[in-house]
Amino acid sequence: MAPRCWRWWHWSAWRRTRPPPAGSTPTFGGSDEVRDPANAKALRKKRRRVQVGVKLGKLQFLPDVDEQPPQICVVGSGPAGFYTAQHLLKHHPRAHVDIYEKQLVPFGLVRFGVAPDHPEVKNVINTFTQTARSDRCAFRGNVAVGRDVAVSELRAAYHAVVLSYGAEDHQALEIPGEELPGVFSARAFVGWYNGLPENRELAPDLSCDTAVILGQGNVALDVARILLTPPEHLEKTDITEAALGVLRQSRVKTVWIVGRRGPLQVAFTIKELREMIQLPGTRPILDPADFLGLQDRIKEVPRQRKRLTELLLRTATEKPGVEEAARQALASRTWGLRFFRSPQRVLPSPDGRRVAGVRLAVTRLEGVGEATRAAPTGDTEDLPCGLVLSSVGYKSRPIDPSVPFDPKLGVIPNMEGRVIDVPGLYCSGWVKRGPIGVIATTMADSFLTGQMLLQDLKAGLLPSGPKPGYATIEALLSSRGVRPVSFSDWEKLDAEEVSRGKGAGKPREKLLDPQEMLRLLGRRA
């Protein structure tokens, strides 16, 4: 069955119908009028208010020329926000979209989450830039919705509001010792080396020999790879110079990546695993005992999972070839996957001033398939280390008391992006479905939210009269001493970053201090 976002949708009193036969024209409510191509011109005149064009399987809405241009705002300028805006602008030729962002700079996790040695993933910024440069789109940076302006005020000013502010927090371990110096969230560590202003003072101590990462997803592998990559391999990336300086002095030689379950349940992907296996100057450590009997069990798993597990199995159990063995023999750093281990306690140093290790509960698997869970066996083991990075997931925060929020799931309750019981309010991205999936997943999800909004607009479920949009919000922000940053302002900062990076052969040297950014824009700090 095709995803709902690619189905035919019909407006107002018309009911949803099945897709038309190949070669036919879409029908409304079963009418035969449009089945005959000769009637197409007459139909366009007769039903001008419900014209629908189809392009590449998506609906293209063509409203009346005298219809009030819808004023829509999107909160958050990461992938979810930009993809939602892109869909709205593409499929409604008169819609105007304002994108609000609490940072002074756009692009969210594309800028602050994607690893610096993955520049190809950041190419999507080019697409987002084209969206932001549209004369029907405006970027409003340096505006924290929920603090500088309330969601209720946005709803009063716009025909619709889309919350796409992502997952700004991390899942806590909730174990003793988590607050010790030397324990960080992977999210904060990633923000530190990627130049997120709130994490620029993190100052992780990398003078230890061993680091432990709790969690076995792509973020965990990103962090492990950055810790173990020779610094000279990062010098031409957009990693911050401050982080690079710390990594040059790092004494970390071993990184353990710990998971509660087994090889069949890891959350990272095969691309990231291959990068770790091939990482210069390192060799992997996997216990063959963790893979006993796995060869038979992987026959029935989905293809992607099977390929990933087979690579793990080969790495753990097969003797490397001559060339690979020689490479590993010269390796000065190691990394390993520890399975069937769950963090129980962070262990302090004798003086209690920093982390000295992690106590792990040994687990076994119970249940089958998606219901498989890790259950403690009663045994424990202590893993010495001087650095602990928690990578057990991101989570969203509630943004405003007027917006429903499920604290257990960490999402805004919604139906296909429509916020439950709040007409005109929508959500997309991680705050809609939870912190899972890659950028392509977010794209499809955001397009669906945009589709639902346009459906409601056409069905008359959103306000039809004029809305002031940014004119009202601008006055409110001015009265509160808030000065938004425009996309052209960002382009000035962007040019400055590129200029600073050029001397070092880097694509850019990121600006870290918001006060410095404001000074560069001629604003009072």
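In which loop is Ala203 found? Ala203 lies in the loop between helix 6 (186-194) and strand 9 (210-214). Helices (H or I, at least four residues) and strands (E, at least two) are DSSP runs, numbered from the N terminus. The model is predicted, with local features needing pLDDT of at least 70 and side-chain atom pairs counting only at pLDDT 80 or more, while totals for chains, interfaces and linings use all residues. Residues are numbered from 1 along each chain as its sequence is written, and side-chain values use heavy atoms, without hydrogens and water.

Most residues other than glycine have a negative phi. Ala203, not a glycine, has a positive phi of about 50°. Ala203 counts as exposed because its relative accessibility is 57% (exposed means over 50% relative accessible area, buried under 20%, partly exposed in between; 1.4 Å probe, protein chains only). Phe340 also has a positive phi, near 55°. Phe340 is found in the loop between strand 12 (333-338) and strand 13 (341-348). At 17% relative accessibility, Phe340 counts as buried.

The axes of helix 7 (residues 218-228) and helix 9 (residues 270-277) come within 10 Å and cross at roughly 20°. Axes are lines fitted to C-alpha atoms, for helices over the stretch in contact, and angles run from 0 to 180 degrees between N-to-C directions. Helix 7 is therefore roughly parallel to helix 9 (angles under 35 degrees; over 145 is roughly antiparallel, 65 to 115 roughly perpendicular, the rest oblique). Contact means heavy atoms within 4.5 Å. Helix 7 contributes Asn218, Leu221, Asp222, Ala224 and Arg225, and helix 9 contributes Glu272, Leu273, Glu275 and Met276.
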